[in-house]
Every structure is written in structure tokens, then in C-alpha cells.
Amino acid sequence: DYAINLDVDIMSNSWGGGAESEALKEAIARAAEKNILFVAAAGNKSNNNDVISHYPSNYDLKNVIAVAAMNSVEELAHFSCYGRN
């Protein structure tokens, strides 16, 4: 909500790993209502996020983009989570 009040365009969120939170999902949805993009780290456990959810990157909201980590040769980093969706 702080970032929403600052009227930002993009929120960069290189964190995660907690359980699903309805309060956080609602906050991200409020950002979506203001057309704010929410960029979230895909995670660092080598999981397929389509099988094992990681939050906040797995919230099914129109403004969430999950970003995986790459290595020095532009391949998926060995530790990065991933997923088609």
C-alpha cells in the first residue's frame, strides 16, 4: 500500500518463500487496480512453480510477473524456480 500511495508504476520484489497470504494477495490486487506491475522472484528452490507454488510469484493476478534467475551463459540458473505459467 505504501508503494501504491507513492503512485509507482512497477514494484520489484526479489523475495518470497512464505505461505500463501490472502492479505498479501489483496494488496497486490489493489496495486493491479492502479495498473501497477508487480515483478516477483520465481524462487530459489529449483522447483517447477506450476507443481509447487511459490509466493508471491504464484498469485494468479493480472499484474504479477514471475522472474527466474539466469546464469552467466543465459541459461536457467541451477537453483532457480521455473514454470510455464
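This is a predicted model: local features need pLDDT of at least 70, side-chain atom pairs count only at pLDDT 80 or more; totals for chains, interfaces and linings use all residues.
**Entry 1. Overall form**

I began with the inventory of elements. The protein has two helices and three strands, and from the N terminus on they follow the order α-β-α-β-β. I then turned to overall dimensions. For 85 residues, a compact globule would have a radius of gyration near 12 Å; the protein has 13 Å, which agrees. Along the principal axes, the C-alpha atoms fill a box of roughly 40 × 25 × 20 Å. I noted that 29% of the 85 residues count as buried. I also looked up the contacts with a separation of 6 or more: residues 24 or more positions apart account for 73% of them.

I next examined the pairing of strand 2, residues 37-41, with strand 3. The two pair in the parallel sense over four bridges. For Val 39, I recorded Ile 65 as the bridge partner in strand 3.

**Entry 2. The nonpolar core**

I listed the members of the largest nonpolar core, which has 11 residues. They are Ile 4, Met 11, Ile 28, Ala 31, Ile 36, Phe 38, Ala 40, Tyr 55, Tyr 59, Leu 61 and Val 64. Which elements give two or more residues to this core? Helix 2 (22-33) and strand 2 do.

I followed Val 64 further. Leaving aside residues up to four places away in sequence, Val 64 touches Ile 28, Phe 38, Pro 56, Ser 57 and Tyr 59. Among these partners, Ile 28, Phe 38 and Tyr 59 are listed in the core together with Val 64.

**Entry 3. Asn 13**

I located Asn 13 in strand 1. Is Asn 13 buried or exposed? Its relative accessible area is 10%, and because the limit for buried is under 20%, Asn 13 is buried. I then checked the polar surroundings of its side chain. A polar atom of the Asn 13 side chain lies 3.2 Å from the backbone oxygen of Met 11, and a polar contact of 3.1 Å joins the side chains of Asn 13 and Trp 15. Beyond four places in sequence, Asn 13 touches Phe 38, Val 39, Ala 40 and Ala 41.

**Entry 4. Two residues of one loop**

I compared Asn 49 with Lys 45. Asn 49 has its place in the loop between strand 2 and strand 3, and Lys 45 is found in the loop between strand 2 and strand 3 as well. Asn 49 is buried, with a relative accessible area of 7%, whereas Lys 45 counts as exposed at 60% relative accessibility.

I recorded the contacts of each, not counting residues up to four places away in sequence. Asn 49 touches Ala 42, His 54, Ser 57, Asn 58, Cys 81, Tyr 82 and Gly 83. Lys 45 touches Phe 79 and Cys 81.

How far apart are the C-alpha atoms of Lys 45 and Ala 32? I noted a separation of 27 Å, with the two residues 13 residues apart along the chain.

Terms used
Residues are numbered from 1 along each chain as its sequence is written. Side-chain values use heavy atoms; hydrogens and water are left out. Two strands pair if DSSP finds at least two bridges between them. A nonpolar core is a set of buried Ala, Val, Leu, Ile, Met, Phe, Trp, Tyr and Cys residues joined through side-chain atoms within 4.5 Å. Buried means under 20% relative accessible area, exposed over 50%, partly exposed in between (1.4 Å probe, protein chains only). Contact means heavy atoms within 4.5 Å. A polar contact is a pair of N or O atoms within 3.5 Å; within protein, one must be able to donate a hydrogen and the other to accept it, and residues adjacent in sequence count only if both atoms are side-chain atoms. The radius of gyration is taken over C-alpha atoms; the globule rule is 2.2 Å times the number of residues to the power 0.38.
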